[in-house]
Structures are given as C-alpha cells and as structure tokens.
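I opened the notebook to look up a few side-chain arrangements. My entries follow in the order I made them.

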Amino acid sequence: MKRLIFVCFCLLLSAGCAPTYPIERLGIINTIGIDSDSQDSQALNATYVYFQFDPNAKNINEIVSSKAKTLKGTREKANVKSNFQLVPGKLRVLMMGRPLAEKGVASILDTLVRDAKITDTMYLAVADSAAGNVLSEVFQRSTTNVGTHLYQLIDTNVDQEILIRTTLRDFMHKYYDIGNDPVLPLISVVEHMPSIERMALFRDETYAGDISVEEGFFIKLLSGRYQAGRLELSLPIDEFENIRQKDTDQREEDSLFLSLSDLRSHNSIKLVSKKEVRFQSDIKVQARIMEISEQLELDKEEVVKKLEKVIQKDMERQINQLLDKFRELKVDPIGFGSIYNAKHPITQEEWRKLLSEMKLDLNLNVNIIRQGIID
C-alpha cells in the first residue's frame, strides 16, 4: 500500500510539470497585423511585431511576416524566420487590413477568443490599407517602437474619451448582440507615423464604411455617457449678430468656432412606438467653454442661453446627419436594435430591414456651467 501511494504521488508530480521556456529564447508578440492575400483568397498574410530579450541586440523590437491558410499557421511559419520562439504573451493590438475587414473577420476573432493565452482586453483596429504595410513602414522609417506606440495611441485616446473603447471583448459583445454593431479605429500613416483619422463601421463582422473621429463623438453621446469629453463646434455667425461685440481686428468670419471641455453627459433611449419604429432619446450635456473665436458677453445670462440654444441646434443637426448615414449603410453602432429586441424579440436580418424606417425624437439639453478662455 505504501509503495502504491508513493507511485501515485510521483505520477501526480510528473503530471503537474509544465515545459519551461527561457525568456532569452522567446519573442514576445505585442502587435499583429493581418491581411488577406491578393493572389490566394483563402490565405492570410500576418505581420508580427515582437520583443526580444537579447542583451547583444541593437533593437529589442523586431518584425517578421509570414503567409498561411490559418492564423495559427502564420505563427508557425513566422517561427521559421525568427531565431526566437514567438509567443503571444503580451499581445496588445491586433490590426486588420481594410480589404480583409471588407470580407469579414469573424473566423479570425473567433480563433483568438478560443486561445487562452490571448487576452480579450487587447485593442482591435483596422488599417486604412494593408495592415502589414502600415506596421512595416512605421518600423522601417521611424525609431518608434511601433507596437507600443500603437497601443498607447489607442489607449490614450480612449482614456481621454476621444475614442470608443474597442477591445476584443467589446467587439465580440456587440457582434453577438442583436441590433448592435462594432466600431473600430481606422489607422493610416501620416509622415511615417500611425494616426487615427477616422472610425471604421462594421455591419456584423464586415467593414461597411467609415466616419470621422468627430462624428464618433456622437456615437458615445447617444450610447453611453461622457465624464470629461471634448468637442469643437463651428456655429453660424449670423446667429450671434445681435449679441457679439465689435471685432477690433475687423475679421470677416462665416462661423463662430467654439471649443467645449470637461463635457459631461447623461443619456437614456426608449422605444416609444413599435409600429413606427420610433425611439426617444433624452440627453443632458454640461460643458465648459474653453475657447471661443468671437467676443461675446458671457457674463450675461441671455447671451449664455442663446449660445446654449445654438449649440443644441447644431448638435441635433449633426446627430441627424449621422443617423442618415447609419440608415444608408444599414449599421447600428448605437444599439437601437438591442433596445427594440429587448421588448419585441427580432432577428438581426429583420432589424436590418427595419433600420431604414427607424426614427428618433431628440430631447437635447445643453448647459454651459463655466466660461474659459476668450480668443
């Protein structure tokens, strides 16, 4: 009996042993770029950016590309080209080329979700061209650590509430949620550096179109809340003809430019008519005027009220224009369909048909709480 217990104990210890990987032999992947192959529609081109822990290396950041039929296969082939074993232990950004995103990305993201070594809090993004070209150009023509730079570029703008949070978890949640579509940052290269110029709209798993980052502000305004947002507006100067002070430098402007900061918002959306597919959105916005291009007497209540009214009117105009674009593209990044589905169960295909009929009654209230710098 003692011998049997001893044998079982040894087997238990041996079963618990895991293979060891010396860190000096590992290439820690922190960014992946994935593209469809132009010659083989079933193949994937992958570009891996990884860290190497070699004290003799000039650069700790390296890049390698490979081609295979599956994402796992691209990593195996990339290992053949590297003198390090590539592992996804610190994967922070996955960037997909726009041609690939136009075909659909569900199979790739499903593979990542099933891999326990990959965190679902990594950021997703779409490259304006091929993802591999973006990574290679920045890597070759800049001293910047491209993987870390991309992560910080997205993360900083998310923290500042300029971008919507776009992690793998967020994407998959919206993908599986009926009546809700994902949005990802669209990355281009400006002067050899990655830049977020626009936002990519998805219809389910497929890239459907894009909007400006400024338009993306209104997605969050309608679907969530701001704690310290920022917004720049261009308002018709004619609206302020009777209340603005004379310009000392005799500038002739068609617009009044306004910068709002410390913007806080609260929003609620409800379905008010199933038959008309009509929703009602009540939005409250509080903000501080950080900068204004015309001299207004902001210490007067009637002037501030007038300014609030014009801001509200312009924001409503931009929201309605954005909703028209969503109806045209048949996308729903706000989640109106999810609200509809909660009360009246519906399929994704049925909601796509109803989306063009969707109407929104906006109750927007803007309150300026402080005045800042006058330009």
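**Aromatic rings**

I started with a cluster: ring pairs link Phe279, Phe336, Tyr340 and Trp351. The model is a predicted one, as I note here for the record. I then searched the whole structure for aromatic pairs and got nine. In one of them, Phe217 and Tyr226, the ring centres are 4.7 Å apart and the planes meet at 20°, so I logged the pair as stacked. Both Phe217 and Tyr226 are buried.

**Charges over rings**

Tyr226 came up again. The charged end of Lys220 sits over the Tyr226 ring, 5.0 Å from its centre. I also noted Arg92 over the face of Tyr151, at 4.4 Å from the ring centre.

**Gln348**

I looked up Gln348 in helix H11 (residues 348-355). Is Gln348 buried or exposed? Its relative accessible area is 11%, so I put Gln348 down as buried. Its side chain reaches the backbone nitrogen of Gly179 at 3.0 Å. Leaving out residues up to four places away in sequence, Gln348 touches Asp177, Ile178, Gly179 and Asp204.

**Helix H5**

For H5 (residues 131-141) I listed the buried residues: Ala131, Gly132, Val134, Leu135 and Val138. They lie on the same side of H5, because they cover an arc of only 165° around the axis. On the face turned away from that buried side I found the exposed residues Asn133, Gln140 and Arg141.

Notes
Residues numbered from 1 in each chain as written. Predicted model: local features only at pLDDT ≥ 70, side-chain atom pairs only at ≥ 80, totals over all residues. Heavy atoms only, no water. Buried < 20%, exposed > 50% of the residue type's maximum accessible area, 1.4 Å probe, protein only. Helix = DSSP H or I, 4+ residues; strand = E, 2+ residues; numbered from the N terminus. Arc of directions from axis to C-beta. Polar contact = N/O pair within 3.5 Å; in protein donor to acceptor, adjacent residues only side chain to side chain. Contact = heavy atoms within 4.5 Å. Phe/Tyr/Trp six-rings, centres within 6.5 Å; stacked < 30°, edge-to-face > 60°. Lys NZ or Arg CZ within 6 Å of the ring centre and 35° of its normal.
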